[in-house]
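Here's a quick briefing to read alongside the model. Have the structure open as you go.

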Amino acid sequence: MEALQSNQASTAVKEVPQVAASTTAEVNVDSFDIPVGVSNRHIHLSKDDLYSLFGDWYQLKKTKDLSQPGQYACNETVTICGPKGAIEKVRILGPLREQTQVEILEGDTFKLGIATQPRMSGQLKGSPGITIIGPKGSVQLTEGLIIAQRHIHMNLTDSERLGVRDKQIVSIEFNGPRGGILNNVAIRANATSSLECHIDTEEANAMGAKSSTKVKIIK
């Protein structure tokens, strides 16, 4: 998923268990120390679909690097179309993937006329399809349209420090005047990820989140 964009409520102090038997350090999950990245609708393309939309051997033009290593926003955009309407200027993110994935907002489902559910990136089996229109052609996907499940990227050191594991589902708390708690947040821990909580623009607006917002994990 892309992070294209991105305060003080009282919190109860609670003791946190040790994260592993091999350490005696306590994890301070009461601190708001996880940065937030806010994603708008976007698309990840396969090589074949890129060529169908932009022409054979087309190369995407990177505009900026994103927070996660190796991922970047591209200059190119496309239009996505459903039975009830279309959304223009949907940003493409790189690098290319094995299968095209279109990530939209909950509100977009009404404009497009296609119902879909929150899913983790790459879990596309059984998801609805959508039409993608580029400057040189169009692609009709049979699956690949999702709402991105909110999640937290982190490396393995972060997962130990925070006392969580890959694929664990947690809740997160936002501070600030519109702060609150979001449930069903997936942990995505591996050797190379950078620590960042990814939510979409609708979730960010509901919680009053911005580029300086940080959250804490509630298990």
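Predicted model: local features only at pLDDT ≥ 70, side-chain atom pairs only at ≥ 80, totals over all residues.

Residues are numbered from 1 along each chain as its sequence is written, and side-chain values use heavy atoms, with hydrogens and water left out.

**The largest pocket**

- The largest pocket comes in at about 310 Å³.
- Of its 18 lining residues, Met120, His153, Asp166, Arg188 and Asn190 sit closest to the centre.
- Here a pocket is an open set of points on a 1 Å grid over the protein atoms alone, where a 1.4 Å probe fits, with protein on both sides within 12 Å along at least five of seven lines; lining residues have an atom within 4 Å of a point.

- Gly94 and Pro95 are joined by a cis peptide bond, with omega at about 5°, and Pro95 belongs to strand 5 (residues 86-97).
- Trp57 isn't a glycine, yet its phi is positive, about 65°; look for Trp57 in the loop between helix 1 (47-54) and strand 3 (62-65).
- Trp57 has 66% relative accessibility, so it counts as exposed (over 50% relative accessible area, 1.4 Å probe, protein chains only).
- Lys167 also has a positive phi, near 75°, and is in the loop between helix 3 (156-162) and strand 12 (169-174).
- Lys167 is exposed too, at 65% relative accessible area.

Notes
Points joined across faces, edges and corners; volume = space filled by probe spheres on them. Helix = DSSP H or I, 4+ residues; strand = E, 2+ residues; numbered from the N terminus. Buried < 20%, exposed > 50% of the residue type's maximum accessible area, 1.4 Å probe, protein only.
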